[in-house]
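The structure comes first, and the points follow by topic.

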Amino acid sequence: MTLKFLGATGTVTGSKYLLRHGDDQVLVDCGLFQGYKQLRLRNWDAFPVLPAAIRSVVLTHAHLDHSGFLPVLVGAGFRGPVYCTEATRDLSHILLPDSGRLLEEEALYANRHNFSKHKPALPLYSEADALRALEHLVVVPVGHEFSPAPGMTARLQLAGHILGAASVSLRCGGRTILFSGDLGRPHDPIMRPPTPLGACDYLVVESTYGDRRHEPADPRGQLAAVISKTAARGGVTVIPSFAVGRAQELLHEIGQLKRAGAIPAALPVYLNSPMAVDATRLYIKHHEQHRLDERACRELGQVAHIVNSVEESMALNRRQTPMVIIAASGMATGGRVLHHLKAFAGDARNTILFAGFQAAGTRGARLLAGETSVKIHGEYYPVRARVEMIGNLSAHADGDETMDWLSHAPAAPRQVFVTHGEPAAADALRRRISEQLGWPCRVPEYLEEVVLE
């Protein structure tokens, strides 16, 4: 059995791992590369393996850096099943078509305004491509064994992080390899903690926050302070947010703050992400995976005014009164939030508030680094607004929480591979695993292939 790393090496995006056993090949995750242009260009490269030769795909969860390449894979000839949890299936039916629509809209916008080097600019895939990819999704119950290829068995176990997120354990030829997927936090205010790590011979573990410890400060207090101070200045708080997971947590926290009088009860809050609205409804359906009861789930939908159309979104940009706007995407890589940044980044009264990890090379990372102008749709816009970050709202385990999850393993794996992290984060976690646990551990390279003895 061999393992080839087709993504999430040296970066937190593009998660793809290819397991080969004899003539059978199984792909774990099928994510988009995001961030730096040299990473994004990989999405356009010929796939390193013939897609038609891949027997199946197993998804850890629905975020696009783990699932967003599926339409391209199907378009290139993949015809097998894509195994996932029920909640991942439901979220993918929201995320993938939306991704295709945004890619089409961005290509049309580029052509209309003539700022692309490509004539014409084309989307990586379309909404129709995404809908075709969804036909391949096959739900497997959490904890039940299934066979992604002859002679191979697999099991999904919940990993926290977002609805449906799972770790994947695969067994073949007497060897077990476990992919952590994205690990949630043990004390997340909404999601339940990850399932404890079981026995495995090989382990692929994420390292998004491998070199960091989440701030001990109360994120609700930080959120209240930013929103209240911005409103007092007469400004707008723009929150780029992941539509799944982060948007729901923000709505929950803002609702609590209004009820407690920590922010003005009359302050308008707008949720400008149709996808986030649809995702919020799934919290009721999959209530067993999180800590909120049905009443709390329904309250999420009452915190914000829902922006349903492009015209309403544009109208928000003409308002000059205090408000909070939550809009996708979380790293400001695309979506409606870009138009809000163009409208509000130039005013010193306003605040751009990030509430999640910002991958290197994304607009979010550049704004947090202090850049005084931001390039959007081919033009530069001045940044005079305050740029803030609340790190403790993360849906990823930090270095200490990841080490605690690892430390409960019943036995040491033969080898640990540290992926899904920027170079500093991956290497920091590698050192901790090697030194504190004494496990063989390394950080693989892009397209590296290893033999699992």
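The largest nonpolar core holds 45 residues, of which Leu91, Leu223, Ile254, Leu271, Val324 and Ile326 touch the most other members. A nonpolar core here is a set of buried Ala, Val, Leu, Ile, Met, Phe, Trp, Tyr and Cys residues joined through side-chain atoms within 4.5 Å. Buried means under 20% relative accessible area, exposed over 50% and partly exposed in between, with a 1.4 Å probe and protein chains only. The model is predicted: local features need pLDDT of at least 70, side-chain atom pairs count only at pLDDT 80 or more, and totals for chains, interfaces and linings use all residues. Residues are numbered from 1 along each chain as its sequence is written, and side-chain values use heavy atoms, with hydrogens and water left out.

**Nonpolar cores**

- Helices (H or I, at least four residues) and strands (E, at least two) are DSSP runs, numbered from the N terminus.
- Helix 8 gives the largest share of this core, 6 residues.
- A second, separate core has 27 residues, including Leu19, Tyr83, Leu156 and Phe179.
- Beyond its neighbours within four places in sequence, leucine 271 is in contact (heavy atoms within 4.5 Å) with Ala247, Leu251, Ala276, Val277, Ala304, His305, Ile306, Val307 and Ile326.

**Helix 8 and helix 9**

- The two helices pack at about 170 degrees, with axes 9 Å apart. Axes are lines fitted to C-alpha atoms, for helices over the stretch in contact, and angles run from 0 to 180 degrees between N-to-C directions.
- Helix 8 and helix 9 are therefore roughly antiparallel. Angles under 35 degrees count as roughly parallel, over 145 as roughly antiparallel, 65 to 115 as roughly perpendicular and the rest as oblique.
- Thr280, Tyr283 and Ile284 of helix 8 meet Glu294, Cys297, Arg298 and Leu300 of helix 9.
- By class, this contact has 4 nonpolar, 1 polar and 2 charged residues. Ala, Val, Leu, Ile, Met, Phe, Trp, Tyr, Cys and Pro count as nonpolar, Asp, Glu, Lys and Arg as charged, and the others, Gly among them, as polar.

**Helix 4 and helix 5**

- The axes of helix 4 and helix 5 (residues 127-134) come within 7 Å and cross at roughly 155 degrees, which makes helix 4 roughly antiparallel to helix 5.
- From helix 4, Ser92, His93, Leu96, Pro97, Gly100, Arg101 and Glu104 meet Glu127, Ala130, Leu131 and Leu134 of helix 5.
- The residues of this contact divide into 5 nonpolar, 3 polar and 3 charged.

**Helix 13 and helix 14**

- Helix 13 (residues 399-407) packs on helix 14 (residues 423-437) at an angle of about 40 degrees, with the axes 11 Å apart, and is thus oblique to helix 14.
- Gly399, Asp400, Thr402, Met403, Leu406 and Ser407 in helix 13 meet Leu429, Arg432, Ile433, Gln436 and Leu437 in helix 14.
- This contact comprises 5 nonpolar, 4 polar and 2 charged residues.

**Histidine 420**

- Histidine 420 lies in the loop between strand 20 (415-419) and helix 14.
- Histidine 420 is buried, at a relative accessible area of 3%.
- Not counting residues up to four places away in sequence, histidine 420 touches Ala8, Thr11, Val12, Ser15, Asp65, His66, Asp182, Glu206, Ser207, Thr208 and His396.
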